[in-house]
Amino acid sequence: MIIRKKFKFEGAHIVRNCSTNRCKKSIHGHSYIVEVFFTSNKLDNGYMILDFGLTKKHIENIIDSFDHAYSMWSEEKEEFKNFFKTNSERWIEMPVSPSAESYSLMFLKFIDHILKHTTFSNAEGDVLVTSVRVHETKTGYAEAFREDMELIELDIKKVVFSKEVINEWKEKDELIKILSF
Ligand SMILES: Nc1nc2c(c(=O)[nH]1)N=C([C@H](O)[C@H](O)COP(=O)(O)OP(=O)(O)OP(=O)(O)O)CN2
């Protein structure tokens, strides 16, 4: 059995090295829809795979970090990155160019890590994230499955969130601890 929870964020980016000129050369934004799919080997005391409410803390924090934020590839010129870091509060520096594919793989890895380091207390089974689907526009999405995790080298510890982003995390200290493992 699979359950799905939807999230959203309004984000800006440039996707360097892609084929479309507008996409690789100009800052632009999207209203992203993120669908996260979960499964488990058993139901909890409420006959649920995972209470949707439990996704509204750390998992939502990670996805919402990208809301009203600029996602920048760490390979950008230092001058370019410094401009954003100096003039805009909400930014994320990431080791991969921010395509829909990268977001889906990155969220999959973050959510997998969060689930592995969360102790549930309502008799949940082994809850797994099976895939993450990131809709970049009304017509295009990328979906990353567990078997895709090795498609790119992406160490989530190398994703840097601005302090203003981190300061808005719910139960921030707990998430910082989880991300340190
Ligand atoms: N496989 C991918 N292709 C493209 C991505 C991506 O992340 N993965 N991203 C872009 C751009 O970011 C672009 O803004 C979105 O492109 P597109 O779907 O072509 O959007 P349009 O609104 O221009 O097209 P419609 O067909 O009108 O929806 C490009 N490609």
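Predicted model: local features only at pLDDT ≥ 70, side-chain atom pairs only at ≥ 80, totals over all residues.
## The shell around the ligand

Ten positions are listed around the ligand: His13, Cys23, His28, His30, Ser99, Ala100, Glu101, Glu136, Thr137 and Thr139. By residue class, this shell consists of six polar, two charged and two nonpolar residues. Two elements, strand E2 (28–39) and helix H4 (100–116), each contribute at least two residues to the shell.

## Polar atoms facing the ligand

Oxygen atoms of the ligand take part in short distances to Ala100 and Thr139. For Ala100, a polar backbone atom is 2.8 Å from a ligand oxygen. For Thr139, an N or O atom of the side chain is 2.6 Å from an oxygen atom of the ligand. Glu136 places a polar side-chain atom 2.8 Å from a ligand nitrogen. On its own the ligand has 620 Å² of accessible area, of which the protein covers 48%.

## The setting of Trp169

Trp169 is located in the loop that runs between helix H5 (163–167) and helix H6 (172–180). Its relative accessible area is 7%, so Trp169 counts as buried, the cut-off being under 20%.

Apart from neighbours within four places in sequence, the residues in contact with Trp169 are Asn61, Ile62, Ser65, Phe161, Leu175, Ile176 and Leu179. With Ser65 there is also a polar contact of 2.8 Å between the two side chains. Phe7 stands 162 residues from Trp169 in sequence, and their C-alpha atoms are 15 Å apart in space.

Methods. Residues numbered from 1 in each chain as written. Heavy atoms only, no water. Helix = DSSP H or I, 4+ residues; strand = E, 2+ residues; numbered from the N terminus. Buried < 20%, exposed > 50% of the residue type's maximum accessible area, 1.4 Å probe, protein only. Contact = heavy atoms within 4.5 Å. Polar contact = N/O pair within 3.5 Å; in protein donor to acceptor, adjacent residues only side chain to side chain. Near = heavy atom within 4 Å. Areas by Shrake-Rupley, 256 points an atom, 1.4 Å probe, with all protein chains shown as cover. Nonpolar A, V, L, I, M, F, W, Y, C, P; charged D, E, K, R; others polar.
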